[in-house]
Amino acid sequence: MLAAFRVREPGGAAVSPGSAVMVVVSGIGCAVPVEATMALTGDHGGYHTDPEFARAAGFRTVILPGLFQAGMATQIGGAMNYLAREITFRYLKPVYVGDVLRCTTTVTAVQPERHRIDVTGEIVNQDGLLVM
């Protein structure tokens, strides 16, 4: 993902290429965050709400909305008090309720004169599979 952020972390620590941040979400089993994500995004499609529809589409059951994973990645910028200007996501595998996800982002470039950094990231599930 590409993002444009302020160049300093809270507390004044400089961000430099290779700086990494990780967020781990254990056992996405709570229906409330999933329902809240769907309420915020308006994404109430059958993939997320109807197990039979999801199975007919090739999934083992309902899947989480993609913006749930996207929220993990953007949460990192928010936690570091940076504002994203451009983000690109590629969803590679479905994410199910109960999955354990690990999101890692790495700073790849710093543009102090423009107050920007470029960041790449990935989300891996409990089986080590890259999901985003």
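1. Start with Asp 99, which is buried at a relative accessible area of 4%. Buried means under 20% relative accessible area, exposed means over 50%, and partly exposed lies in between (1.4 Å probe, protein chains only). Asp 99 sits in the loop between helix H4 (66-79) and strand E2 (101-111). Helices (H or I, at least four residues) and strands (E, at least two) are DSSP runs, numbered from the N terminus.

2. A word on the source. This is a predicted model, where local features need pLDDT of at least 70 and side-chain atom pairs count only at pLDDT 80 or more, while totals for chains, interfaces and linings use all residues. Residues are numbered from 1 along each chain as its sequence is written, and side-chain values use heavy atoms, with hydrogens and water left out.

3. Now the overall layout. The protein has four helices and three strands. Along the sequence they follow the pattern β-α-α-α-α-β-β.

4. How do E2 and E3 run? They are antiparallel, joined by nine bridges. Two strands pair if DSSP finds at least two bridges between them. E2 and E3 form a hairpin with four residues between them. In the turn, His 115 has a positive phi of about 55°. Gln 111 stands opposite Arg 116 in E3.

5. Look next at two residues of E3. Thr 120 lies in this strand and is the bridge partner of Thr 106. Thr 120 is partly exposed, at 39% relative accessible area. With 22% relative accessibility, Asp 118 counts as partly exposed. The C-alpha atoms of Asp 118 and Thr 106 are 8.5 Å apart, and the two residues are twelve apart along the chain.

6. Which residues make up the largest nonpolar core? There are ten: Leu 64, Phe 68, Met 72, Ala 73, Val 95, Leu 101, Cys 103, Ile 123, Val 131 and Met 132. H4 and E2 are the elements that give two or more residues to this core. H4 supplies the largest share, three residues. A nonpolar core is a set of buried Ala, Val, Leu, Ile, Met, Phe, Trp, Tyr and Cys residues joined through side-chain atoms within 4.5 Å. In soluble globular proteins, nonpolar side chains tend to be buried together.

7. Finally, the totals. Of the 132 residues, 33% count as buried. Among contacts (heavy atoms within 4.5 Å) with a separation of 6 or more, 67% join residues 24 or more positions apart.
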